[in-house]
Amino acid sequence: MRLAGRRILISGAASGIGRATAEVFHREGAALALLDRDAGRLAETAEALSGGEGPAVAWAVAEIADEAAVGAAVAETAAALGGLDGVVSSAGIDLLKPFGEVSAAEWRQVLEVNLTGPFNLCSAALPFLRAAGGGSIVQVASGAALRPLAGRTAYCASKAGLVMFAKALAVDLADDGIRVNAICPGIIDTPLFRQSFERAPDPEAELERILDRYLIRRVGRPEDIAYAALYLSSAESAHVTGTTLAVDGGRSFH
């Protein structure tokens with residue numbers, strides 16, 4: 001029960017890394033405030049976690065790039081839990097397209113979701129973290145923030161910006177007792193990743209080509225990132241802030 005008594009806000013909680021993080025954190029004793037734009041899947045996640053006598057689970061639907069909607073959702077769920085002690089920002093989108101075909105509207109959308117979205121989330125959560133006397137923020141970035149990928153200029157730029165946002169935020173919030181760190185996942189078995197190879201003419205060959213970049217030649221599991229977020233959200237990382245943790249099977253240095 002490494003998070004017993006903690007109240008954690010998780011965005012992107014309806015599926016993938018966000019849902020896995022919610023499941024791991026709940027088992028570890030955290031009360032949860034869950035946000036996502038997918039109302040149906042978010043309700044399923046909340047219902048699956050709410051059974052029994054475990055910690056409380058509150059949830060609200062919001063598009064992460066919508067400042068007003070995020071503010072209202074965070075206020076509602078934080079009130080239901082009596083405050084917040086931590087944030088895991090995991091909502092995000094991808095865009096796989098050669099740069100010459102990327103429109104300004106697509107560029108803006110990726111940055112609004114992947115970079116402005118975490119800004120919205122942290123801004124809304126900050127008063128509650130301060131009221132709690134401190135806490136932790138974990139930004140789920142990407143290995144694309146550390147090494148560029150072909151056909152993903154907007155995605156790489158947004159995730160690299162998210163890593164530096166985490167570092168700068170760690171500086172600004174240190175006096176409030178709020179630690180801020182980023183995780184850079186490699187390939188993780190999520191709907192977002194599967195889109196990147198299933199549309200190829202030969203999906204199996206494309207997956208093998210991707211795996212050739214990794215020292216640990218398997219697709220990562222959402223739980224691999226959830227347990228990294230658990231460490232960065234728990235007292236075990238009390239002296240860790242402003243760091244970027246690559247959970248990528250060795251891709252970032254290989």
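This briefing covers the surroundings of strand E5 and a set of salt bridges. The model is predicted. Strand E5 (residues 135-140) is largely enclosed by the rest of the structure, because six of its six residues are buried. The count of salt bridges comes to 13, among them Arg 37 with Glu 63, Arg 209 with Glu 206 and Arg 217 with Asp 212.

**Strand E5 and its neighbours**

- Both faces of E5 are covered: one side carries Gly 135, Ile 137 and Gln 139, the other carries Ser 136, Val 138 and Val 140, and all are buried.
- E5 pairs with strand E4 (residues 86-89) in the parallel sense, over four bridges.
- Within this pairing, Val 138 of E5 stands opposite Val 88.
- E5 also runs parallel to strand E6 (residues 178-185), to which six bridges join it.
- Here the bridge partner of Val 138 is Asn 181 in E6.

**Crossovers**

- A right-handed β-α-β unit is made by E4, helix H4 (residues 104-131) and E5.
- E5, helix H5 (residues 153-173) and E6 also make a right-handed β-α-β unit.

**Salt bridge Arg 37 to Glu 63**

- The closest N and O atoms of Arg 37 and Glu 63 are 3.4 Å apart.
- Arg 37 lies in the loop between strand E2 (31-36) and helix H2 (39-50), and Glu 63 in the loop between strand E3 (57-61) and helix H3 (67-81), so the pair ties together parts that are 26 residues apart in sequence.
- Arg 37 counts as exposed, at 53% relative accessibility, while Glu 63 counts as partly exposed, at 30%.

**Salt bridge Arg 209 to Glu 206**

- In this salt bridge the closest N and O atoms are 2.7 Å apart.
- Both residues belong to helix H7 (residues 203-211), where Arg 209 and Glu 206 are three residues apart, about one turn of the helix.
- Glu 206 has a relative accessible area of 19%, so this residue is buried, the cut-off being under 20%.
- Arg 209 is partly exposed, with a relative accessible area of 41%.

**Network around Asp 212**

- Arg 217 forms a salt bridge with Asp 212, and their closest N and O atoms are 2.8 Å apart.
- A network of salt bridges links Glu 208, Asp 212 and Arg 217.
- Asp 212 is exposed, with a relative accessible area of 51%, whereas Arg 217 counts as partly exposed, at 42% relative accessibility.

Definitions and conventions: Residues are numbered from 1 along each chain as its sequence is written. This is a predicted model: local features need pLDDT of at least 70, side-chain atom pairs count only at pLDDT 80 or more; totals for chains, interfaces and linings use all residues. Side-chain values use heavy atoms; hydrogens and water are left out. A salt bridge is a side-chain nitrogen of Lys or Arg within 4 Å of a carboxyl oxygen of Asp or Glu. Helices (H or I, at least four residues) and strands (E, at least two) are DSSP runs, numbered from the N terminus. Buried means under 20% relative accessible area, exposed over 50%, partly exposed in between (1.4 Å probe, protein chains only). Two strands pair if DSSP finds at least two bridges between them. A crossover is right-handed if, with the strands pointing away from the viewer, the path from the first strand over the helix to the second runs clockwise.
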